Amino acid sequence: MKLTLTTLAAAIGLSTAASSISSNSDLGQKLLSSARRLDGYQEAEVDYTWVANYSLKFQGCHTTPQWNEDADGEDDVKLTNLNLVRFRLCPSDTCATDSAYGCKSGYGDYVVSMDVYLQAYLDSVQQDQEYNCEYARSNECGCYNNGDDYGTFEKCEYDCFMNKGMEYCVDNNPYAEDGGQQEEEDDWDLMDMVQCQQLNGGSYYTGAYCSSDG
């Protein structure tokens, strides 16, 4: 199973006005546990299990300069950019999916680093995909009825996953191994792309950043 660039695009897609995350979900709990409340009120060791009827509404992405604590030489960069994701914690029964604000009363505004935001999202997606793959493999594909022929089993699973639109469950194409040409794919780990990384040892770098309009 693999995460794809489509998965990363979906993570950024959570910024749309119609998107919200249940505070009771694993993803919501991870974000809240790492977030800072903007009004300055922050309890130590906050228990967020009480927010079962709340939703997290994406508000925007912001870049702010910060001092580079690792800079100890004349040529080191003294200021770096910190990307922050801001979201609003709204009561679920008043959280409007068609409004960028989500709600206008009974809410709290929070910020969390974009690295944490994307990492939590990708972890959540990976857990969901692993569950979906295993459920389909055990209950829907029926490939275990093919006996001990592993090659037939692999092709059966491949056909099952592809027909269901679950390409993320497929690690390789067994038909290509029979003589066809295996499609070449860029060996990118999206978990690494959450942070700024050098691309294939060259002079280019990849990583998430805030757009000019937030």
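How many aromatic pairs does the count come to? The count comes to five aromatic pairs, where rings of Phe, Tyr and Trp (its six-membered ring) pair if their centres lie within 6.5 Å. The model is predicted, so local features need pLDDT of at least 70 and side-chain atom pairs count only at pLDDT 80 or more, while totals for chains, interfaces and linings use all residues. Residues are numbered from 1 along each chain as its sequence is written, and side-chain values use heavy atoms, with hydrogens and water left out.

**Aromatic pairs**

- A pair of aromatic rings is described by the distance of the centres and the angle of the planes.
- Phe58 and Tyr117 form a tilted pair, with 6.3 Å centre to centre and 50 degrees between the planes; planes under 30 degrees apart count as stacked, over 60 as edge-to-face and the rest as tilted.
- Phe58 is in strand E3 (residues 54–67) and Tyr117 is in helix H3 (residues 114–139), so this pair ties together parts that are 59 residues apart in sequence. Helices (H or I, at least four residues) and strands (E, at least two) are DSSP runs, numbered from the N terminus.
- Phe58 and Tyr117 are both buried, meaning under 20% relative accessible area, with exposed over 50% and partly exposed in between (1.4 Å probe, protein chains only).
- Phe87 and Tyr110 have ring centres 5.7 Å apart and planes at 10 degrees, so their pair is stacked.
- Because Phe87 lies in strand E4 (residues 79–91) and Tyr110 in strand E5 (residues 108–113), the pair ties together parts that are 23 residues apart in sequence.
- Phe87 is buried at 3% relative accessibility, and Tyr110 is buried at 4%.

**Charge over a ring**

- The charged end of Arg88 sits over the ring of Tyr107, 3.8 Å from its centre (the criterion is NZ of Lys or CZ of Arg within 6 Å of the ring centre and within 35 degrees of the ring normal).

**Helix packing**

- Helix H2 (residues 26–34) packs against H3 at an angle of about 160 degrees, with the axes 9 Å apart.
- H2 and H3 are therefore roughly antiparallel (angles over 145 degrees).
- Residues of H2 including Leu27 and Leu31 meet residues of H3, among them Tyr117 and Tyr121; contact means heavy atoms within 4.5 Å.

**Ala96**

- Ala96 is in the loop between E4 and E5 and counts as partly exposed at 25% relative accessibility.
- Leaving aside neighbours within four places in sequence, Ala96 is in contact with Lys57 and Gly102.
- Ala96 and Ser20 are 76 residues apart in sequence and 9.1 Å apart in space, C-alpha to C-alpha.

Technical notes. Axes fitted to C-alpha atoms, helices over the stretch in contact; angles between N-to-C directions. Parallel < 35°, antiparallel > 145°, perpendicular 65-115°, else oblique.
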